[in-house]
Structures are given as structure tokens and as C-alpha cells.
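Welcome to this chain! Here are a few notes to read alongside the structure, with some places to look at on the way.

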Amino acid sequence: MADMEVMDMVTSRRYTRPNFNLLLLTILQLGLNLHTVEGVWPLPQTFTSSTERYPLSPQAFYFGYGSQSAAQQGCSVLDAAFKRYFSLIFPDYLSASYVLQFNEGKPFTLEICVERDDCDSYPNEDSSERYNLSVSAGQASLNAETVWGAVRGLETFSQLVYQDDFGSYFVNKTEIEDFPRFQFRGILLDTSRHYLPVQAILKTLDAMAYSKFNVFHWHIVDDPSFPYQSRTFPDLSSKGAFHPMTHIYTQSDVKRVISHARLRGIRVLPEFDSPGHTKSWGKGQSDLLTPCYKAGTPSGTFGPVNPTLPSTYKFMASLFQEVSSVFPDSYIHLGGDEVDFTCWRSNPDVRAFMQKMGFGGDFTKLEAFYMESIMNITSALNKTSIVWQDVFDYHERIPKDTVLHIWKGVPASYRAELSRITKAGMRVLLAAPWYINHISYGQDWRNYYTVQPRNFSGTDEQKKLVIGGEVCMWGEYVDATNLTPRLWPRASAAAERLWSDEKQTTSVDKAFPRLQDFRCKLLRRGIQAEPLYVGHCRHEYQGV
């Protein structure tokens, strides 16, 4: 769609309606049961609204750029957002029920002003998502430092709009100042244990934007399958994927995911986990994995990546050079978790290498040697490494800018780990309390909501090193059939914990009606979010 058409789409809606005016006017005079919004999810930092409300009409609603805005018409991120949010703000527009509307209404303009023209860039770890939103008669003004903040503000505005019993749209007088508490608010999807079609990933990115998540951690390969189609090493997917044609992510698939995410202010963080979790790699790359021995002879099975061969590091350097050019984010996740030393211990060549290096019988030193070598490769590519906490626990010498990712343990143990890692001056991400693939009967979202990421013993400086958290959806029992209802709205509980002020969001009972309302919004937007408890939505999934 040409640039001019972007604006026309929201300014030129006109059509005739049947003459129901007198009948409806009479009904309107009898008064209505008004529906207002329960609030915005996640809760903004400061939010004041009054009962004064303004009618909105799709035919007289306009998006505009402020004269002082650094971004103007033609800005790819905002022009695309205006198209998306018009449909989200007016979900009934052009449907049969909206034919009953008769009042074209007064014009209403949502004016956007951003300080920086970052329309063609990618969101990064330093991107500001701060915005201010002011709604008054006939207009709303949305001011942000960046286009990413403006996109967050558009999401908030879309949640402020509501309908009465006759389908008329309203928004209340509102003032909001908002910014995220944590800079990193992620969702992990595992596409190795089950392949997730690109469409399922794109739909997840849409839902992430509705909850203001900003990092998609793509755990793209693992033991069961290698669906990433590498330009440099095509055999990795042709031999390592579940199916070499249907169950792969081509280069254009990956570009599509990155582009879809960018327009929603979401970073894409790829994870290529090694030296463990690599069984599928060995199918397409000979001599990469360690041959295991039994009673002094090769058993025909393979263990983790072989850390003793120069060819291993040559392969990894080539693969990560490709990955760093395909994925624009400055972070790469290198894994490093759950390395089983049994196979290394059985292999005489590995044991001889350890003696030569002075490691003795300490296999954690061998893993440390391997991970340090891989981190040197990614550092040389100008990328920041994220690794699972195991790498820190093995006392490896890791670059100071590395981010540690906590995934193990009950609250007492992950709090102790938070203290240890931050005391060493390392930045940290918390995932342990948000392993959302674990399911239980009842309202487990309450547990996700009451997590306190900075509640551990340490100084204020240490607490600042907790840069955010992540909801993990591991794929042993999850594919495209159940991904969405298992993820939403449970992940949204973590979204509010990572975005909003903790003191204002301590009560699960106060959160419940807002989350219930938000879950209904997700249904109306085509996201198959499961129910929180007994009840119904005014608009059930697929328009029931």
C-alpha cells in the first residue's frame, strides 16, 4: 500500500446505512448499561482517568504525525502500526452489526510525536519504550522518545477504547505516563522438540505486542531436530530436521519472523545451544560430536560437541558468522546448560587432551575451555553472549558483558543464585519461576504474578544488574495445536510483573478483573487464550 493510502485508510471510511435512526434514538434515550474498561494490561506507571468520555467514530478517526515529530508519514514502523491499530480499535467496523450505527460523529485525531526517527532501525537493548498519552475531547496526543515507545502507546490507547451495548465506541479522558520497569521482557519458544509453523510464531509475536513483551528468544535447534536451514551448512537441516522440506525454517522464513517482530518493537534473540543439546547437529556434520566408548571400544553413540578438535572451532566460527549476519540483534544465546560428562569421560582422546591441558579429571574445566572459546568467537563478531547459569556455576572465565540466564530451582535457590551472580558484577535474566510449559490445575498465573525478581540479598547496585526476565515455553508437550492457549493469558501475568511498578501490582485479587478483561480482548483479537476461571466474554473466540 502506498504511503498516501496509509493515511487515507483511516480518513476516508464512508458508507450509507439503513434508516434505523428514529428507532435507535428512542432506545438510546432510555439509557444504557455502560461498559467501561477495567484498565490497561500491563498497568501503566501512572494512570489517571475520569468518567468524562468521548464518542469515537471509525469514519471520523484519524492518526496523524505531530509537526514537531522526527518521524513523519512514510515511517515504516508507525505507518504499519496505524493500519494494525485501526482494526484493533474498531473491531466491529464494516461488520454486519456496525451497520446499525448512524451517527458519523465528531472527528477525533490521535497525534503521534517522536523525538528520534528510528523508523528503519531495529529495537535494541538500549531502546527507550517510554511514552506519554493524553486523551481529551476530540484528540489524543502520544509523545515518545522513539517509535518503539510510540508503538507501546498505541497498544495502550487501543485498550482504552470500549463499546456500549449498542456497539458505539468511547474513550475516557485519560492521562498516562509510562515506561517499562525492566528492559528485557522475553518469551522463549522451542522449535526443536516440535516444529512450530511460521504462522504460529507470527501469531505469538502479535500476542507478545499486546502484552508489551519485547524479546522473542528463539530456541531454534536442540537434540531432537535442527530446523534452521543454514546457507553455509545446508546438511544440518537436510539431515537434522524432522523433515528436510516441510519442517525447516528457510532464510526467508527467518527474515519474515525478524521483520514481523521489528514492526512490533520486538527483538529476535537466536539460541544455538552447545556443547550439549546437539544430537541433531551430528547428523549433518560429521566429527562434530564426541564418539562414546564402552569397554574401551566405540559404542556407535555420540555425546556432546567434541571440544578437543580444531575442526570443531572452525565449524562454530563459520556457523556463528552466518548467524550473526542473519540475526541483527547484538545478543546471541550460546546455551551451555545440562552437559552430560559421561561420554567425554569414556573417550580416551578426550581424557588425553585433558591431561595435556592440565585439567586432570575435572570435566567442568573442559566445558569451561569450550565455552570460553565459543564466547571468544562471538565477541570477535561484536555480539554479546547470553548463557545459561551452568556456565557461571562451573567458574568459567567469561567476558564481563556476558548475561547469565537463571533457569533452575525453587525461589530460595534462584534467589541465592541471583545474589552470587550479581555479586560477581554480572548481568542476569530470571526465567526459573516462569517455566510456563509446566501446567497444573487451577489459577497458576497467580504464582507467576507474585514473583519478585529483585527480592534477594544484595546491594542496590546488584539489583540493577537484574535486567529482566523471560517466560519459557519448552516444547516436549507443545506444538501449534496447544501453544497459544497454554501461553496466554498466563504469560501476561509475567508481562505485568516485568513492565509495571511492583508496589502498585502486588494484589492478585485486584489484578484478576483486569486480566480477565484483557483475556477477553485477546479472544476478540483472534488469540485463543484459555479462561482464567468460570465466566464468559461478551465476544467469545471467533465471534460466538
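Over the ring of which residue does the charged end of Lys212 sit? It is the ring of Trp499, and the charged end of Lys212 is 5.7 Å from the centre of that ring. Please keep in mind as you read on that this is a predicted model.

1. Lys463 lies over the face of Phe456, at 5.3 Å from the ring centre.

2. **The chain as a whole.** Stepping back, you will find 19 helices and 17 strands in the chain. Its radius of gyration is 26 Å, close to the 24 Å that the globule rule gives for 544 residues, so the chain is as compact as a globular protein of that length. Along the principal axes, the C-alpha atoms fill a box of roughly 95 × 50 × 45 Å.

3. Of the 544 residues, 56% count as buried. The accessible surface comes to about 22,800 Å², and carbon and sulfur atoms account for 53% of it. As for contacts between residues at least 6 apart in sequence, 76% of them join residues at least 24 apart.

4. **Aromatic pairs.** The chain has 36 aromatic pairs. In one of them, the ring centres of Phe226 and Trp281 are 5.5 Å apart and the planes stand at 90°, so this pair is edge-to-face. Phe226 is in the loop between strand S9 (215-219) and helix H6 (235-240), while Trp281 is in helix H8 (residues 279-284), so the pair links distant parts of the chain, 55 residues apart. Both Phe226 and Trp281 are buried.

5. **A tilted pair.** Now try Tyr228 and Phe327: their ring centres are 6.5 Å apart with planes at 40°, so the pair is tilted. Tyr228 lies in the loop between S9 and H6, and Phe327 in the loop between helix H9 (310-326) and strand S13 (331-335), so parts 99 residues apart in sequence are tied together. Tyr228 and Phe327 are both buried.

6. **A buried glutamine.** Is Gln59 buried or exposed? Gln59 counts as buried because its relative accessibility is 1%. You can find Gln59 in the loop between strand S1 (46-56) and strand S2 (61-65). Its side chain makes a polar contact of 2.7 Å with the side chain of Ser57.

Key. Residues are numbered from 1 along each chain as its sequence is written. This is a predicted model: local features need pLDDT of at least 70, side-chain atom pairs count only at pLDDT 80 or more; totals for chains, interfaces and linings use all residues. Side-chain values use heavy atoms; hydrogens and water are left out. Helices (H or I, at least four residues) and strands (E, at least two) are DSSP runs, numbered from the N terminus. Buried means under 20% relative accessible area, exposed over 50%, partly exposed in between (1.4 Å probe, protein chains only). A polar contact is a pair of N or O atoms within 3.5 Å; within protein, one must be able to donate a hydrogen and the other to accept it, and residues adjacent in sequence count only if both atoms are side-chain atoms. Rings of Phe, Tyr and Trp (its six-membered ring) pair if their centres lie within 6.5 Å; planes under 30 degrees apart count as stacked, over 60 as edge-to-face and the rest as tilted. A charge sits over a ring if NZ of Lys or CZ of Arg is within 6 Å of the ring centre and within 35 degrees of the ring normal. The radius of gyration is taken over C-alpha atoms; the globule rule is 2.2 Å times the number of residues to the power 0.38. Contact means heavy atoms within 4.5 Å. Accessible areas come from the Shrake-Rupley method with a 1.4 Å probe; for residues, only the protein chains shown count as cover.
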